[in-house]
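Subject: Structure handover and findings

Dear colleague,

Here is the structure you asked to have passed on. My notes on what was found in it follow below.

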Amino acid sequence: VQLQASGGGLVQPGGSLRLSCAASGSIFSGDSMGWYRQAPEKQRELVARFFSGGSTYYANFVKGRFTISRDNRKNTVYLQMTSLKPEDTAVYYCNHVPPVQSGWGQGTQVTVSS
């Protein structure tokens, strides 16, 4: 299954964006899916994820600001981002958790700047 993230862009601090991750095949409610990000010269990090039972996890640096959701009928995972900060600037990817090499798409660039 290939995963393609979209919805990124340039936004001012405090703004919002909604990222989408479309799967080329079926993703099931039991699949552990997540959003990752990689800022320049930094390692890729997990931002938010679903566990197989449907519960969610958020990294401390996005807790209360980001919300992960999914629509299995559309084979799509979303990341609603609010109160964006300059330090949220990164390329955002979706993938399984743990990630699979074939799942890394091109990602979508999010730039938070005034």
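The largest nonpolar core has 27 residues, and those touching the most other members are Trp35, Val47, Phe66, Ile68, Leu79, Met81 and Tyr92. A nonpolar core here is a set of buried Ala, Val, Leu, Ile, Met, Phe, Trp, Tyr and Cys residues joined through side-chain atoms within 4.5 Å. Buried means under 20% relative accessible area, exposed means over 50%, and partly exposed is in between (1.4 Å probe, protein chains only). The elements that give two or more residues to this core are strands S1 (3–6), S3, S4, S5, S7 (66–71), S8, S9 and S10 (108–112). S3 gives the most, with four residues. Strands and helices are DSSP runs numbered from the N terminus (E, at least two residues, for strands; H or I, at least four, for helices). In soluble globular proteins, nonpolar side chains tend to be buried together.

Apart from neighbours within four places in sequence, Leu79 is in contact (heavy atoms within 4.5 Å) with Leu17, Arg18, Leu19, Trp35, Val47, Ala48, Phe66, Thr67, Ile68 and Tyr92.

Please keep in mind that this is a predicted model: local features need pLDDT of at least 70, side-chain atom pairs count only at pLDDT 80 or more, and totals for chains, interfaces and linings use all residues. Residues are numbered from 1 along each chain as its sequence is written, and side-chain values use heavy atoms, with hydrogens and water left out.

Next, the sheets. Four strands make an open sheet in the order S1-S3-S8-S7, with antiparallel pairing. Two strands pair if DSSP finds at least two bridges between them. S1 and S7 are the edge strands of this sheet, each pairing on one side only. Neighbouring strands are turned by 15 degrees against each other on average, direction ignored. For such angles, axes are lines fitted to C-alpha atoms (for helices over the stretch in contact), and values run from 0 to 180 degrees between N-to-C directions.

S1 and S3 run antiparallel and are joined by four bridges, with Ala5 opposite Cys21 in S3. Leu3 and Ala5 form the covered face of S1, while Gln4 and Ser6 form the uncovered one. S3 also pairs with S8 in the antiparallel sense, over six bridges, and there Ala22 stands opposite Thr76.

Another open sheet has six strands in the order S2-S10-S9-S4-S5-S6, with mixed pairing. Strand S2 (9–11) and strand S6 (56–58) are at the edges with a single partner strand each, so one side of each has no neighbour in the sheet. In this sheet, neighbouring strands are turned by 25 degrees against each other on average, direction ignored. S5 (residues 45–50) and S6 run antiparallel and are joined by three bridges; Phe50 has Thr56 in S6 as its bridge partner.

How many disulfides does a search of the whole structure find? It finds one (a pair of cysteine sulfur atoms within 2.5 Å counts). Cys21 and Cys94 form this disulfide, with their sulfur atoms 1.8 Å apart. The link is right-handed, with 65 degrees about the S-S bond. Cys21 lies in strand S3 (residues 17–23) and Cys94 in strand S9, so the pair ties together parts that are 73 residues apart in sequence. Both cysteines are buried.

Last, the charged pairs. Side chains of opposite charge can pair when their charged atoms come close. The structure holds four salt bridges, each being a side-chain nitrogen of Lys or Arg within 4 Å of a carboxyl oxygen of Asp or Glu.

Arg37 forms a salt bridge with Glu45, the closest N and O atoms being 2.9 Å apart. Arg37 is buried at 6% relative accessibility, whereas Glu45 is partly exposed at 30%. Arg37 also meets Asp88 in a salt bridge (2.9 Å, N to O). Asp88 lies in the loop between strand S8 (76–81) and strand S9 (90–96) and Arg37 in strand S4 (residues 33–38), so this pair ties together parts that are 51 residues apart in sequence. Asp88 is buried too.

Asp71 and Arg73 meet in a salt bridge at 3.5 Å, N to O. Asp71 is buried, with a relative accessible area of 13%, and Arg73 is exposed at 77%. Salt bridges that share partners join Arg37, Glu45, Arg65 and Asp88 into one network.

Best regards
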